[in-house]
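Please view the sequence and structure below before reading on.

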Amino acid sequence: MTSQAGGLATPSAPTTAIVNGLLLMLLAMLAAPLIDIFSKLATGTTSPTMITAARFLFQALFMLPIVLWNGLWRNFSWRMSAYHAVRAAIITLSMICFVATLAVMPVADAIAIFFVEPIILTILASIFLGETIGWRRYTACGIGFIGAMIVIRPSFEEVGLISVLPVITAFCVAVFALMTRALAPRENPWAMQFQMSLWGIPICALLLLAGDIAEVEFLAPSIPDLTVLLWLVGVGFFAALSGILAVYAYRVAPASVLAPLQYFEIVSATLFGWLVFGDFPDAVKWLGIAIIIGSGLYIIWRERRVAAKPVTAAETSVASRISTP
C-alpha cells in the first residue's frame with residue numbers, strides 16, 4: 001500500500017510523454033506491493049509501529065540525496081508545519097493499521113479491501129469540498145462497498161475484526177488525500193513527501209516510547225536482527241521507489257489517464273503474495289475484487305466526464321476557496 005502525490009500534467013500532453021507516464025506508473029504499481037511483502041515478512045518479530053517507523057526513516061534516507069541535490073529543502077513551508085504534522089499523523093495511523101492487517105491476512109486481500117479508498121474519497125469530497133456527486137457515482141460507491149464486504153466476509157471468519165482495518169486505512173488515506181489536494185497547488189510534491197516522512201519519524205518514536213512504557217505489544221519497540229533489518233530497509237526502499245516513479249508519472253501524463261492503472265497494484269500484489277507466501281484469492285474473493293475494481297474504474301470514468309464539462313465562474317470561485325488550507 002502506497003500513498004502518492006499527484007502532479008499537474010494536462011490532457012494535452014504529447015503521446016510519447018503519456019506512454020512514458022503509463023510505463024512509470026506500471027513500474028510504480030509493481031514496486032508498491034513489495035512494501036507490503038517486506039512489511040509482512042517483518043511482522044513475525046516486529047510490531048506494526050516499529051515497521052512503520054522504519055518505513056519513514058529509510059524512506060527519508062533514500063529521498064534525502066534527491067532533496068539536497070535539487071535544493072528542494074528550500075521549498076519546505078515551515079509555516080504550514082502543523083498542517084504537515086497532522087498529515088503525517090493520519091498517514092501513520094493508516095500504515096500501522098495496514099501493517100497489523102498484513103500480519104494475519106494475505107497481501108492481495110488487504111490491498112483489495114484498501115482500494116475502497118477512491119470510493120471513500122469521492123464521498124468525503126462531496127461532503128467537505130462541496131464537489132457535486134451524481135447518483136451514478138453514489139451508486140458505484142455503494143456497489144464498491146458491497147465488493148469490499150465480499151472480500152472481508154471470509155477474512156472476518158478467519159481473523160475477526162482485524163479484517164476491517166484496511167477500511168480504516170482507506171479512510172485515513174482518503175482524508176490524507178484531501179489535505180494533500182489542498183496543498184498541491186502551492187507546494188512541491190517532493191517536499192511534501194519528504195516532510196511527511198520527517199514528521200512521521202518523531203510521531204512513531206512517541207508511539208514506540210508509549211508502547212514500551214505501557215508494555216503494549218502493538219506499539220512495542222525492538223532491536224531487529226540482520227534479516228529483519230534488511231526487510232525494513234526493503235520497506236523504506238520500495239516506498240521511496242514507488243513514490244518517485246509515481247511522482248514522475250504524474251509529471252508527464254494526465255492524472256485521469258494514470259488513475260486506472262493504480263488497480264494494477266492488486267494484480268501485482270496477488271502475484272507477489274502467491275510467489276512469497278503461497279496465498280491466492282479464492283473465487284469469492286476474486287468476485288469482490290472485480291466489483292471493487294469495476295466500481296472504482298467507473299467512478300474515475302465519471303469524474304473524467306464531469307471534469308471535461310465547462311467550468312462556470314462560480315465553480316472556479318469555489319475551487320479557489322477549497323485550495324486554500
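In the second largest cavity, α9 supplies the largest share of the lining, five residues. Helices (H or I, at least four residues) are DSSP runs, numbered from the N terminus. This is a predicted model, in which local features need pLDDT of at least 70 and side-chain atom pairs count only at pLDDT 80 or more, while totals for chains, interfaces and linings use all residues. Residues are numbered from 1 along each chain as its sequence is written, and side-chain values use heavy atoms, with hydrogens and water left out.

**Second largest cavity**
- A cavity is a set of points on a 1 Å grid over the protein atoms alone where a 1.4 Å probe fits but cannot get out, and its lining residues have an atom within 4 Å of a point.
- At least two lining residues come from each of α2, α8 (189–214) and α9 (226–252).
- Among the lining residues are Gln59, Met63, Trp190, Gln193 and Ile244.
- The lining has seven nonpolar residues, three polar and no charged ones; Ala, Val, Leu, Ile, Met, Phe, Trp, Tyr, Cys and Pro count as nonpolar, Asp, Glu, Lys and Arg as charged, and the others, Gly among them, as polar.

**Largest cavity**
- The structure holds three cavities of 30 Å³ or more, and the largest has a volume of about 70 Å³.
- Eleven residues line the largest cavity, and Asp36, Ser39, Arg55, Met95 and Val99 are the closest to its centre.
- α1 (15–42), α2 (48–69) and α3 (81–102) each give two or more residues to this lining, with the largest share, four residues, from α3.
- Seven nonpolar, two polar and two charged residues make up the lining of the largest cavity.

Methods:
On a 1 Å grid over the protein atoms alone, a cavity is a set of points where a 1.4 Å probe fits but cannot get out, and a pocket is an open set with protein on both sides within 12 Å along at least five of seven lines; lining residues have an atom within 4 Å of a point. Grid points are joined across faces, edges and corners, and a volume is the space filled by probe spheres set on the points.
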